[in-house]
Amino acid sequence: MRTLFAVATALICLTPAAHADEISETIEAALEAYEAGDAKLAKEELDYASQRLNQLKARGLTGFLPEALEGWERDEIGSQATGAAAFGGGLMAEAVYVKDNADVSLRLMADNPMVAAMGTALSNAAIMGSMGTVKRINRQKLVVTPDGEIQALIGGRVLVQIEGDAEVEDKLSYFEALDIDGLKNF
């Protein structure tokens, strides 16, 4: 248990100062509860601190969403950590890009069951081929489904989904704008 506290304390050093106070206070409260023999409260406090750290990481995932391409506007931006129950929790960031009457929705997901489930399909070219047209952009395989959705698995753990009513070429342009190397190291 002390090792967990040491790791959690080390993570505090990696978080921005604006959030570190709340997180470090929560970890300190967990340690105090643990030392007082209240394992239940200690776990609740650590779970809360873990959730706050995940929220910080989810905001980091949002940083990988590309700026709007020329002529487009980025309409919405969002990030969640362990939310999005429909996607099984984990980290998610999304932006919607709008141009005239067309839109492109770009979603990044990490550390959730949907990524694990899609991982097998998106890491196998033969299975990808059964899902649609396989392409390679910036040395990254992706599939364009018959309905024009783009899906890719980056670094074995970040799922990229691009959909919307815009042309496939526009969606591919947004995929090209992603920082693939950065996402591999996320």
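This is a predicted model: local features need pLDDT of at least 70, side-chain atom pairs count only at pLDDT 80 or more; totals for chains, interfaces and linings use all residues.
**Entry 1: terms and ground rules**

I call a residue buried when its relative accessible area is under 20%, exposed when it is over 50%, and partly exposed in between, using a 1.4 Å probe and protein chains only. I number residues from 1 along each chain as its sequence is written, and I take side-chain values from heavy atoms, with hydrogens and water left out. Helices (H or I, at least four residues) and strands (E, at least two) are DSSP runs that I number from the N terminus.

**Entry 2: the loop between S4 and S5**

I looked up Arg 139 and found it exposed, with a relative accessible area of 73%. Arg 139 sits in the loop between S4 and S5, and its phi is positive, about 65°, although Arg 139 is not a glycine. Asn 138 belongs to the loop between strand S4 (133-137) and strand S5 (140-144), and I noted a positive phi near 50° for Asn 138, which is likewise not a glycine. Asn 138 counts as partly exposed, at 47% relative accessibility.

**Entry 3: salt bridges**

Side chains of opposite charge can pair when their charged atoms come close. I count a salt bridge when a side-chain nitrogen of Lys or Arg lies within 4 Å of a carboxyl oxygen of Asp or Glu, and a search of the whole structure gives 5 of them.

One of these joins Asp 47 and Lys 43, at 2.8 Å from N to O. I see that the two are separated by about one helical turn, because they stand 4 residues apart in helix H3. Asp 47 is partly exposed at 40% relative accessibility, and Lys 43 is partly exposed at 48%.

I then turned to Glu 94, which forms a salt bridge with Arg 107, their closest N and O atoms being 3.4 Å apart. Glu 94 lies in strand S2 (residues 91-99) and Arg 107 in strand S3 (residues 102-110), so this pair ties together parts that are 13 residues apart in sequence. Arg 107 also meets Glu 163 in a salt bridge of 3.3 Å, N to O. This second pair links distant parts of the chain, with Arg 107 in strand S3 and Glu 163 in strand S7 (residues 158-163), 56 residues apart. Through shared partners, the salt bridges join Glu 94, Arg 107 and Glu 163 into one network. Within it, I found Arg 107 buried at 10% relative accessibility, whereas Glu 94 is partly exposed at 22% and Glu 163 is partly exposed at 27%.

**Entry 4: aromatic rings**

I pair rings of Phe, Tyr and Trp (its six-membered ring) if their centres lie within 6.5 Å, and I call planes under 30 degrees apart stacked, over 60 edge-to-face and the rest tilted. The structure holds 3 aromatic pairs. Among them, Phe 64 and Phe 186 are edge-to-face, because their ring centres are 5.8 Å apart and their planes stand at 85°. This pair links distant parts of the chain, with Phe 64 in the loop between helix H3 (39-62) and strand S1 (73-81) and Phe 186 in the segment after helix H7 (180-184), 122 residues apart. Phe 64 is buried at 16% relative accessibility, and Phe 186 is buried at 18%. I also noted that ring pairs link Trp 72, Tyr 97 and Tyr 174 into a cluster.
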